[in-house]
Amino acid sequence: MRVGVVSFPGACDDRDALRAVSLMGAEPVRLWHADADLQGVDAVIVPGGFSYGDYLRPGALASLSPAMRGVRDHAAAGRPVLGICNGFQVLTESGLLPGVLRPNTHLKFRFQDVGLAVERESPWLPGRAAGDVLSIPVKHHDGCWFADADRLAELEAAGQVLLRYRPNPNGSVGSVACVTNEAGNVAGLMPHPEHAVEQLLGSTDGRVLLQGLLDLAGRPVAA
Amino acid sequence: MNVTVLVRPREGILDPQGEAIRRSLAGLGYPAAEVRAGKVFDLEVDAGDADSARRIAGEIAEKVLSNPLIESYQVEVAG
């Protein structure tokens with residue numbers, strides 16, 4: 001199982017993501033932002049950081065990069081993509097995930113473990129049931145997920161909301177922490193699963209989402 | 001042709017930056033009831049006439065300079 005991690009200029013969590021992929025028993029593959037060739041990877045992680053200095057809007061310039069052309073094709077083929085923090089911002093700006101990430105409503109940088117209540121069973125959350133709570137750290141200034149009330153209701157009805165903050169650290173509407181695309185093969189969240197893979201650092205709950213990514217990559221893709 | 005694109009938070013969208021600026025202005029004693037913070041982009045566009053400059057800049061504003069979910073834009077071509 002080969003998992004690609006896209007390195008953008010200004011990304012800072014790409015190496016942690018590569019390391020986490022190794023710890024999960026898969027082969028990490030570093031992908032370069034200027035190259036649209038994803039080297040045939042089975043799954044992609046768009047990692048955290050400050051791609052292109054967060055210029056214009058967080059994730060906006062990265063969404064226009066050659067690597068993201070490759071990621072769009074990969075996603076369109078039904079293969080799994082996980083966006084973490086800045087990677088979530090890149091995926092919303094790319095139109096691969098609904099909504100948009102805005103400055104935290106209190107305008108403060110937040111770095112802390114957060115509780116994430118499981119909204120529903122999902123291939124992204126293997127072994128977890130509705131009502132379970134994961135503990136995964138956040139570290140962001142622009143993590144306030146926004147969609148208007150009608151859109152949020154649609155996403156909830158379609159089962160695209162997977163996790164909600166408990167409590168809400170950034171003002172995200174509906175306390176939404178993790179959403180998927182309609183097909184369910186693309187997911188994004190501001191918290192950092194790759195920073196929660198070893199008990200020494202306080203939590204291994206990040207492994208749940210990473211295992212979900214690997215499980216989805218192992219499924220046959222519908223024609 | 002010189003074109004200016006103004007990008008603003010959409011009406012009804014919470015603008016925490018503008019609100020923080022408003023609070024600081026209130027601290028200085030200024031009677032600013034509301035502040036909305038946006039962005040200005042000055043572009044030099046290769047275009048034969050004002051209409052095509054406006055069309056090109058509008059496309060750039062729609063696709064790149066603004067996120068239509070939260071922002072509106074306005075294109076002004078220098079006369």
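Predicted model: local features only at pLDDT ≥ 70, side-chain atom pairs only at ≥ 80, totals over all residues.
**Stop one: where the chains meet**

Twelve residues of chain A are in contact with 15 residues of chain B. The interface buries about 1,100 Å², and carbon and sulfur atoms give 67% of that area. On the chain A side, select A:Leu56, A:Arg57 and A:Arg102: these residues lose the most area to chain B, together 49% of what that side buries.

Salt bridges that share partners join A:Arg57, A:Glu93, B:Lys39 and B:Glu71 into one network.

**Stop two: a residue inside chain B**

Select B:Leu6 itself and you will be in strand E1 of chain B, residues 2–9. Is B:Leu6 buried or exposed? With a relative accessible area of 17%, B:Leu6 is buried.

**Stop three: aromatic rings in chain A**

Next, show the aromatic side chains. The model has two aromatic pairs over all chains. For one of them, select A:Phe8 and A:Tyr52, a tilted pair with 6.3 Å centre to centre and 55° between the planes. A:Phe8 sits in the loop between strand E1 (2–7) and helix H1 (14–23) of chain A, while A:Tyr52 is in the loop between strand E3 (43–46) and helix H2 (66–76) of chain A, so the pair ties together parts that are 44 residues apart in sequence. A:Phe8 is buried, at 4% relative accessible area, whereas A:Tyr52 is partly exposed, at 24%.

Then move to A:Phe109 and A:Phe111. Their ring centres are 6.1 Å apart and their planes are at 40°, so this pair is tilted. A:Phe109 is partly exposed at 40% relative accessibility, and A:Phe111 is exposed at 63%.

A:Phe50, A:Phe109 and A:Phe111 make a nonpolar surface patch of about 350 Å². A:Phe50 belongs to the loop between E3 and H2 of chain A and is partly exposed, at 43% relative accessibility.

**Stop four: salt bridges within chain A**

The structure holds 14 salt bridges over all chains. Select A:Arg19 and A:Glu198, whose side chains meet at 3.0 Å, N to O. This pair links distant parts of the chain, 179 residues apart: A:Arg19 is in helix H1 of chain A, and A:Glu198 is in the loop between strand E11 (186–189) and helix H5 (206–218) of chain A.

Another to select is A:Asp205 with A:Arg128, a salt bridge at 3.9 Å from N to O. A:Asp205 is in the loop between E11 and H5 of chain A and A:Arg128 in the loop between E6 and strand E7 (133–140) of chain A, so the pair ties together parts that are 77 residues apart in sequence. Here A:Asp205 is buried at 15% relative accessibility, and A:Arg128 is partly exposed at 26%.

For a local example, go to A:Arg151 and A:Glu154, with their closest N and O atoms 2.9 Å apart. Both are in helix H4 of chain A (residues 149–157), and because they are three residues apart there, about one helical turn separates them.

**Stop five: a histidine and some backbone details**

Select A:His74, in helix H2 of chain A. This histidine is buried, at 7% relative accessibility, and its contacts include A:Leu38, A:Val41, A:Asp42 and A:Pro80.

Finally, show the backbone at these places:

- A:Gln39 has a positive phi of about 55° although it is not a glycine; look in the loop between strand E2 (27–32) and E3 of chain A.
- A:Leu107 also has a positive phi, about 60°, and is not a glycine; find it in the loop between strand E5 (100–102) and strand E6 (110–118) of chain A.
- A:Arg166 and A:Pro167 are joined by a cis peptide bond, with omega about -5°; A:Pro167 is in the loop between strand E9 (161–165) and strand E10 (176–180) of chain A.

Key: Residues numbered from 1 in each chain as written. Chains lettered and ligands numbered in written order. Heavy atoms only, no water. Phe/Tyr/Trp six-rings, centres within 6.5 Å; stacked < 30°, edge-to-face > 60°. Helix = DSSP H or I, 4+ residues; strand = E, 2+ residues; numbered from the N terminus. Buried < 20%, exposed > 50% of the residue type's maximum accessible area, 1.4 Å probe, protein only. Patch = residues over 30% accessible without salt bridge, like charges linked within 9 Å, V, L, I, M, F, W, Y side chains within 5 Å. Areas by Shrake-Rupley, 256 points an atom, 1.4 Å probe, with all protein chains shown as cover. Salt bridge = Lys/Arg side-chain N within 4 Å of Asp/Glu carboxyl O. Contact = heavy atoms within 4.5 Å. Buried area = accessible area lost by both parts, 1.4 Å probe. Lists of a residue's contacts leave out its neighbours within four places in sequence.
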